[in-house]
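Try each task before reading its solution.

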Amino acid sequence: MADSTIVNSNSSDDATLSDYAEIIVVRHGETAWNAEGRIQGHLDVELNDVGRQQAAAVADRLSKEKAISAVYSSDLKRAFETASIIANICGVAEVITDPDLRERHLGDLQGLQLKEAAELKPYAYVASSSSRTDQEIPGGGESFEQLYHRCTSSLEKIGMKHRGERVVVVTHGGVLRAFHKRSAPAEKLPGKILNASVNKFHLASEEWMIKTWSDISHLNETGYLATAFGGDNTSG
């Protein structure tokens, strides 16, 4: 079982909650396509039974912690269903959806298994792993810069609206990588982003702090996909 990682945790230790928004960012639960190693991107895939169990487990954990003011989610089914389970168990009346919290659009790679992508769509495969952050993916796919701009702008707005509160945001592996880049631009991503993992951020004005990264201590009973497909270097 992986342990949580605390990243760039310093100045907000001495701040009161009124100085920042505490945002619990949860990666959606497992899908059948995660288990198959199939690239999802913007394709709308539901949770599988394990994913629903993971969502219930993270919801149970969060319900025993400080009160949650709001639950936000990507509008894709795998995120929205995870968020709905969290909202129900935590006593939050509704889930607020935002398309800007969607996974990165991966163009021609969407729907393919990763193991076949390089052969079937070589140009898209090379583009998806390019070191150029402005490299778009053939087939209507986004660059990392496009993903970064839309999803960090969304979280910034949520942080400004909920200063002094604790909120949950359910999203995807690629989005969490962008949030990590915004919070700790000089640091390497510390490991995989597992399904239903808890990632805690403090947002105060222009400063983003990562307090907890990829915590899955609540998944002892349900288990998890150790490959973290979609939460490593793929998007899901």
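**Exercise 1.** Work out whether H28 is buried or exposed, and why.

*Solution.* Start with the cut-offs: buried means under 20% relative accessible area, exposed over 50%, and partly exposed in between (1.4 Å probe, protein chains only). H28 has 0% relative accessibility, so it counts as buried. Helices (H or I, at least four residues) and strands (E, at least two) are DSSP runs here, numbered from the N terminus.

Keep in mind that this is a predicted model, where local features need pLDDT of at least 70 and side-chain atom pairs count only at pLDDT 80 or more, while totals for chains, interfaces and linings use all residues. Residues are numbered from 1 along each chain as its sequence is written, and side-chain values use heavy atoms, with hydrogens and water left out.

**Exercise 2.** Find which residues the UniProt annotation "active site" covers, and check where they lie.

*Solution.* The annotation, from an unreviewed entry, covers H28 and E103. They are spread over 76 residues of sequence yet cluster in space, with a largest C-alpha distance of 10.7 Å. UniProt positions are given in the numbering used here, feature names are shortened, and annotations may be inferred rather than shown by experiment. Now look at E103: its loop runs between strand 3 (95–97) and helix 4 (114–120). E103 counts as buried because its relative accessibility is 0%.

**Exercise 3.** Describe how strand 1 is covered and which strands it pairs with.

*Solution.* First, count: strand 1 (residues 21–27) has 7 of its 7 residues buried. Second, sort by face. In a regular strand the side chains alternate between the two faces of the sheet. In strand 1, A21, I23, V25 and R27 lie on one side and E22, I24 and V26 on the other, and all are buried. Third, find the partners; two strands pair if DSSP finds at least two bridges between them. Strand 5 (residues 198–204) runs antiparallel to strand 1, with 6 bridges joining them. Strand 4 (residues 166–171) runs parallel to strand 1, again with 6 bridges. To see both pairings at one residue, take E22: its bridge partner is H202 in strand 5 and R166 in strand 4.

**Exercise 4.** Work out what A57 is in contact with, beyond its neighbours within four places in sequence.

*Solution.* Locate A57 in helix 2 (residues 49–63). Its relative accessibility is 16%, so A57 counts as buried. With contact meaning heavy atoms within 4.5 Å, A57 touches H218, L219 and T222. Finally, check S217: 160 residues from A57 along the chain, its C-alpha atom is 9.8 Å from that of A57.
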